[in-house]
Amino acid sequence: QVRPLESGGGSVQAGESLTLSCTAPGFTSNLCTLDWYRQAAGKEREWVSRIRWDDYATYDDSVKGRFSTSRDKVKDTFYLQMTTLKPEDTAMYYCKGVGGGICDAWGQGTQVTVSS
């Protein structure tokens with residue numbers, strides 16, 4: 001099974017923007033929903049956002065109005081556009097499919113570090 005693969009993480013200053021990518025072969029054809037999660041060092045993993053198979057998007061309150069999730073169906077690539085980043089956004093970010101079959105798989109994560 002081909003697993004999702006995140007990229008685009010890095011180090012930025014507070015207030016800046018960053019866009020993460022999640023390449024997930026087969027997710028478009030299998031009508032997968034895609035979640036983004038994050039986990040700060042020493043903390044529990046938390047849900048960030050969801051883009052449903054029909055592109056309906058929802059967000060955790062902590063990122064609502066600052067983050068936006070979308071996808072390129074042709075490329076089987078999902079995006080998490082992050083703006084007005086805060087130090088508390090610092091975490092390892094993961095994408096995870098939802099929907100059964102090949103959808104139910106985690107990526108390995110990409111690190112985002114925001115300094116004040």
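In which strand is R38 found? R38 lies in strand β4, which covers residues 33-39, strands being DSSP runs of E with at least two residues, numbered from the N terminus. The model is predicted, with local features needing pLDDT of at least 70 and side-chain atom pairs counting only at pLDDT 80 or more, while totals for chains, interfaces and linings use all residues. Residues are numbered from 1 along each chain as its sequence is written, and side-chain values use heavy atoms, with hydrogens and water left out.

View 1. R38 counts as buried because its relative accessibility is 4%, where buried means under 20% relative accessible area (1.4 Å probe, protein chains only). Leaving aside neighbours within four places in sequence, the residues in contact with R38 (heavy atoms within 4.5 Å) include E44, R45, E46, F67 and E88.

**View 2. Polar contacts of the R38 side chain.** The R38 side chain makes a polar contact of 2.8 Å with the side chain of D89, and another polar contact, of 2.9 Å, joins R38 to the side chain of Y93. A polar contact is a pair of N or O atoms within 3.5 Å; within protein, one must be able to donate a hydrogen and the other to accept it, and residues adjacent in sequence count only if both atoms are side-chain atoms.

**View 3. Strand β4 and its partner β5.** Strand β4 runs antiparallel to β5 (residues 46-51), and 5 bridges join the two, where pairing requires that DSSP finds at least two bridges between strands. Y37 has W47 of β5 as its bridge partner.

How values were computed:
Helices (H or I, at least four residues) and strands (E, at least two) are DSSP runs, numbered from the N terminus. Buried means under 20% relative accessible area, exposed over 50%, partly exposed in between (1.4 Å probe, protein chains only).
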